[in-house]
Amino acid sequence: MIKLGGRVIQVHEIGSERATLFVMSSNPNLPQVLRADKAFIAKSRAIPKGFAHYITFESFVDEVSFSEGESFTVLPDEFNYLNDDDVVRITPNKEHIRVLYRKKATNNTIMITEQCNHYCLMCSQPPKNQDDSYLLSEAFNLIKLIPKYTKEIGFSGGEPTLFGERFLELLDFTKSHLPQTGIHILSNGRAFKDVSFAKRYANINHFDMMVGIPIYSSNSSIHDYIVQSAGALDETLAGVLNLKRLNQKVEIRVVIHKQSIEGLLDLCEFIGRNLLFVDHVALMGLEMMGFTRANLDSLWIDPYEYKDILSDAVSILNSYKLTTSVYNHQLCTVNKDILPFYRKSISDWKNEFAPECDGCKSANDCGGFFSSSLQHRYSDHIKAL
Amino acid sequence: MSKFKELESYATEDSSYELLPFKFDRFNDESYIITNIVGEYLLIEHEDLEALVHRKLDVTSRLYSQLRSKHFIRLPKEKSPIEFLALKLRTKLSRLSQFTNLHIFVVTLRCDHSCPYCQVSRQSEDKSSFDMTRDMADKSLDFVFRSPSPAIKIEFQGGEPLLNFELIKYIVDSAESRNRVAGRDLAFVIATTLSLINDEILDFCKLHKIQISTSLDGPEALHNSNRPRPSKDSHQRFVAGLEKARDRLGYDQISALMTTTELSLDKVKEIIDEYLRLGFKGVFLRPLSPYGFAIKTKRFMAYNTERWLQFYKSGLDYIIELNRNGVEFSEYYSSLILKKILTAQEPGYVDLMSPAGIGIAAIVFNYDGKVYASDESRMLAEMGDRTFELGNILSDSYEDIILSDKLLDALEESFTLSAPMCSECAFEPYCGSEPVYHHAIHKDFLGRKPESEFCKKNMSIFKHLITLMESNSDTKKLFLGWANR
């Protein structure tokens, strides 16, 4: 597991006490004019002058010496992976660092709010009902610092569309600053039931922008229960229809657990008959974060137990020629017919393998586990293949 | 107390569900079938049907979930079920706004075969009596390009259309030159036995991307007895022509249709094997139509619908077994019905749509200048029933023909959503109207459904397909694949 945030060991003389974003650089020959917003990764005695900030790590702190007046941060060694073009937020008064963008990550997701109008039983990022518009403001700053070559970035929450117009501005702003970067949005889709909002979204006219929308059951009582919000599915479906009427890309995301497994095949047939025009369907394993742990008894089902249902679900979606993926599963818990749809989907920073995986010949092809699964609950049927 | 609410608190209004429109019928001894206007279906037991209608369903049952998922019921405040029903109905009917796509040109009635069941062909050297003229072809093309359809398919039929290949060339060249302005998605098909195919014809087909629709009735002996030529070599010529055409035009450019005669009835496996041997990916198990010589020579009466259904069912069993053994092969009539049953799409098969496909999906320009509402219509006319003769291409305008009472009455009176016994039939969403067939047999557009062999045949097939997939999950998977091809 890669640590993305935590306490710093020491922060020295940053101009502001408030959160500041820095782009990392290890290039001692960077032209002076480019050093103004960058933090230099210092690992040796030779420290180039003129960077906005310097970052070093616990085990280098004896080798590195800073001149007077230079602002620097000493981080625990677990942040030693930081690399050129990565973006971090340093909050001096809280002695805290957060890594917001990593060049090496295949997808970087920017969380722009912790507020949500759902309260999903298995939420990995439990919502908080407080004003956090500073996160949105920060996202505008962050977008400007992200390298132009980035292939894709994600926006998530909470529910990002709760910011309404400001959210659309962020998307437009992102299109301006990262014109070649695809955008993936995680949203419950309800905001798009408002045709004029959906139209304004479509008018951003982005070349590669997709909304990933969760649907957990074709029976709205069950979907509404899982997301803990009455009337949710009806509005989500209206949102999906509006987006597709406007030719926007939509992905349906189904998290599989004890509450959704029973209706999974009905849901797949429903998607095939009613939502044939969506661009992607992802069937996803459960992440052991946030509320999932509190509700584990009503959510947990061993993936090995539902592997035949998963095969049937994929077979239905594939028959309807829907582009289908299976996320967050281990190779030893799925049938062979899943392989063409199997994706190594777990973000690198929270991706690990279990002790049972030792000696597994398929480990390179396997998506492995969420770190949280290894801590809390994973299949009883893991074995080296 | 948990901050999460129980399922029950999101299901408090579940028992206040409303019925959305559906039809039902007894399916077998145990169950009823319910269907809705977009073709969703469920098999349910009698007591569940009663509970459903009287709003006494167990709202925690899987059935309740399925009924909501398939839009048989909704909660009063829900909007999406109606939206989806409307969307799917629009999708299924969308072909209507496009209007006539298939335009059949009977370029000659002359033929080198003398098939006993054939409805129309002539053994004759007399070109002047049985060939379409250039003037007729020009007028027919005027008509074709009046169709608002963005996609236009011109199919050459006969007789053996290759006996008038000069006119085919003329029509293709003229149509393409008109299309440089009209800008339609223009495609050509030649329906031929392949007995007369040669390099010159194939070069022309290649150049103009013309597809070939051909006929194969089964193994050599069966094919040759169904399709006699003076030299008794129909099958041999077919196989040689098929290979040549595939080499030159591409494997997927040649399709084949079979005709079932009484000689075919106990040979379904051999017929399918012959399709397999010759590299086809499927077969269309077609019953003989009751037109023309088929009735005159009593061939049609030589077997009844019941016997044909046996033939079809055992063929389908064999095809399912083939697939189970890893050989991909499909039956095309089943496939198009399964598309209606299992998807929101409409296959657009002219003989199984409502409103009927006559005139508004397909239209025929005959060798003698007559315009017919369908291929079967001209065969009926050969027997003396000119009900579906819509006019003459040399003297009548597009409006005369398309707006003629002959066409509009037939369309309106046979429309299944208002036809007696069709409108309330649970299988109506999968069926179609066939005014030409019913007029041939019952002398009116509607026919008498209890006596209709069309009705009997299709109802049996619908039930059979549903029974097969409900009783075996592998068959359901196979059928879902066919439905979505």
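**Close-up views of a predicted two-chain model**

A search across the whole structure, which is a predicted model, finds 0 disulfides over all chains, a disulfide being a pair of cysteine sulfur atoms within 2.5 Å. Local features are given only at a pLDDT of at least 70 and side-chain atom pairs only at pLDDT 80 or more, while totals for chains, interfaces and linings use all residues, and side-chain values rest on heavy atoms, with hydrogens and water left out. Residues are numbered from 1 along each chain as its sequence is written, and chains are lettered from A and ligands numbered from 1 in the order in which they are written.

View 1. A disulfide is a covalent bond between the sulfur atoms of two cysteines. Cys360(A) takes part in no disulfide, and its nearest cysteine sulfur, which belongs to Cys357(A), is 6.3 Å away. Cys360(A) counts as buried because its relative accessibility is 18%, where buried stands for under 20% relative accessible area, exposed for over 50% and partly exposed for what lies in between (1.4 Å probe, protein chains only). In chain B, Cys455(B) is likewise in no disulfide, the nearest cysteine sulfur being that of Cys422(B) at 6.3 Å.

View 2. Side chains of opposite charge can pair when their charged atoms come close. Over all chains the structure holds 50 salt bridges, each defined as a side-chain nitrogen of Lys or Arg within 4 Å of a carboxyl oxygen of Asp or Glu. One of them joins Lys193(A) to Glu235(A), with 3.9 Å between the closest N and O atoms. Lys193(A) lies in the loop between strand S11 (182-186) and helix H3 (195-202) of chain A and Glu235(A) in helix H5 (residues 232-245) of chain A, so this pair ties together parts that are 42 residues apart in sequence; helices (H or I, at least four residues) and strands (E, at least two) are DSSP runs, numbered from the N terminus. Lys193(A) is partly exposed, with a relative accessible area of 41%, and Glu235(A) also counts as partly exposed, at 26% relative accessibility.

View 3. Glu13(B) and Lys77(B) form a salt bridge in which the closest N and O atoms are 3.4 Å apart. Because Glu13(B) belongs to the segment before strand S1 (18-19) of chain B and Lys77(B) to the loop between strand S5 (73-74) and helix H3 (80-93) of chain B, the pair ties together parts that are 64 residues apart in sequence. Glu13(B) is partly exposed, with a relative accessible area of 39%, and Lys77(B) is partly exposed with 47%.

View 4. The side chains of Asp375(B) and Arg378(B) meet in a salt bridge of 2.8 Å, N to O. These two residues are separated by about one helical turn, because Asp375(B) and Arg378(B) are 3 residues apart in helix H15 (residues 375-382) of chain B. Both Asp375(B) and Arg378(B) are buried. Elsewhere, salt bridges that share partners join Glu269(A), Arg273(A), Glu40(B), Lys70(B), Lys88(B) and Lys476(B) into one network.

View 5. Most residues other than glycine have a negative phi, and most peptide bonds are trans. The bond from Gly157(A) to Gly158(A) is cis, with omega near 15 degrees, and Gly158(A) lies in the loop between strand S10 (152-156) and helix H2 (165-177) of chain A. The bond from Ser354(B) to Pro355(B) is also cis, with omega near -5 degrees, and Pro355(B) is placed in the loop between helix H14 (332-342) and strand S13 (362-365) of chain B. Although not a glycine, Asn247(A) has a positive phi of about 65 degrees, and this residue counts as exposed at 68% relative accessibility. Asn328(A), not a glycine either, has a positive phi of about 60 degrees; Asn328(A) sits in the loop between strand S15 (324-327) and strand S16 (351-352) of chain A and counts as buried at 13% relative accessibility.
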